Amino acid sequence: MSFAISGALQKAVYAALMQDAELQSVVDGAIFDGVPQGQKPEIYVSLGPETVKSRSDVSAGGAVHDFVISVVSEGGGFAGLKQVAGFVSESLSGADLALERGVLVYLRFLKAAAKRIRGSGGRQIDLTFRARVDDI
């Protein structure tokens, strides 16, 4: 297994989200590699946690990455968040991303969870994706 591809995968995922015109039209560039500090946008997208499992074989070092993309709103209901989450899902599901290192074998949507953020009145949808990569 090689965790070394993780950075290349994250960079490619971030680039794909930033280049999606429909997504950009509703979040106006508010896509972050973590929770933004200070004044937060009304709705934003944040790259979140990741777990990685080895899937190496005799031909290549490989891994399966399960990662979360969060769509967050500081107020309001779920309708706007669901629209943004749909754009994120469409942008990444089945995407053929070019990685700086390694090869993306597949990228799939796994699940989503919508929740209220305690104490703030905000809402959040966590989208989980699975990527299989080979380090060849």
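Select Arg-101 to begin: this residue is partly exposed, with a relative accessible area of 40% (buried means under 20% relative accessible area, exposed over 50%, and partly exposed in between, with a 1.4 Å probe and protein chains only). The model is a predicted one, in which local features need pLDDT of at least 70 and side-chain atom pairs count only at pLDDT 80 or more, while totals for chains, interfaces and linings use all residues. Residues are numbered from 1 along each chain as its sequence is written, and side-chain values use heavy atoms, with hydrogens and water left out.

**Salt bridges**

Arg-101 lies in the loop between H3 and E4 and Asp-135 in strand E5 (residues 123-135), so the pair ties together parts that are 34 residues apart in sequence. Here helices (H or I, at least four residues) and strands (E, at least two) are DSSP runs, numbered from the N terminus.

Next, select Lys-115 and Asp-126, whose side chains form a salt bridge with an N to O distance of 3.6 Å. This pair links distant parts of the chain, with Lys-115 in strand E4 and Asp-126 in strand E5, 11 residues apart. Lys-115 counts as partly exposed at 42% relative accessibility, whereas Asp-126, at 16%, counts as buried.

Then display Lys-11 and Glu-100, a salt bridge in which the closest N and O atoms are 2.6 Å apart. Because Lys-11 lies in helix H1 and Glu-100 in the loop between H3 and strand E4 (103-116), the pair ties together parts that are 89 residues apart in sequence. Lys-11 is partly exposed at 48% relative accessibility, and Glu-100 is exposed, with a relative accessible area of 62%. By this rule the count comes to 5 salt bridges.

**Helices H1 and H3**

Select residues 5-19 (helix H1) and residues 79-92 (helix H3), which pack at an angle of about 120° with their axes 10 Å apart. Axes are lines fitted to C-alpha atoms, for helices over the stretch in contact, and angles run from 0 to 180 degrees between N-to-C directions. H1 and H3 are therefore oblique to each other (under 35 degrees counts as roughly parallel, over 145 as roughly antiparallel, 65 to 115 as roughly perpendicular, and the rest as oblique).

Show the side chains of Val-13, Ala-16 and Leu-17 in H1, which meet Val-88, Ser-91 and Leu-92 in H3 (contact means heavy atoms within 4.5 Å).

Stay in helix H3 and select Ser-89. Ser-89 is buried, with a relative accessible area of 17%. Leaving aside neighbours within four places in sequence, Ser-89 is in contact with Phe-109 and Phe-129.

**Two loop positions**

Move to Val-35, in the loop between strand E1 (31-32) and strand E2 (43-54). Val-35 is exposed, with a relative accessible area of 52%. Not counting residues up to four places away in sequence, Val-35 touches Lys-40, Tyr-44 and Ser-46. From C-alpha to C-alpha, Val-35 and Ser-46 are 6.1 Å apart in space, and 11 residues apart in sequence.

Finally, select Ser-120 in the loop between E4 and E5. Ser-120 is partly exposed, with a relative accessible area of 37%.

Conventions: Salt bridge = Lys/Arg side-chain N within 4 Å of Asp/Glu carboxyl O.
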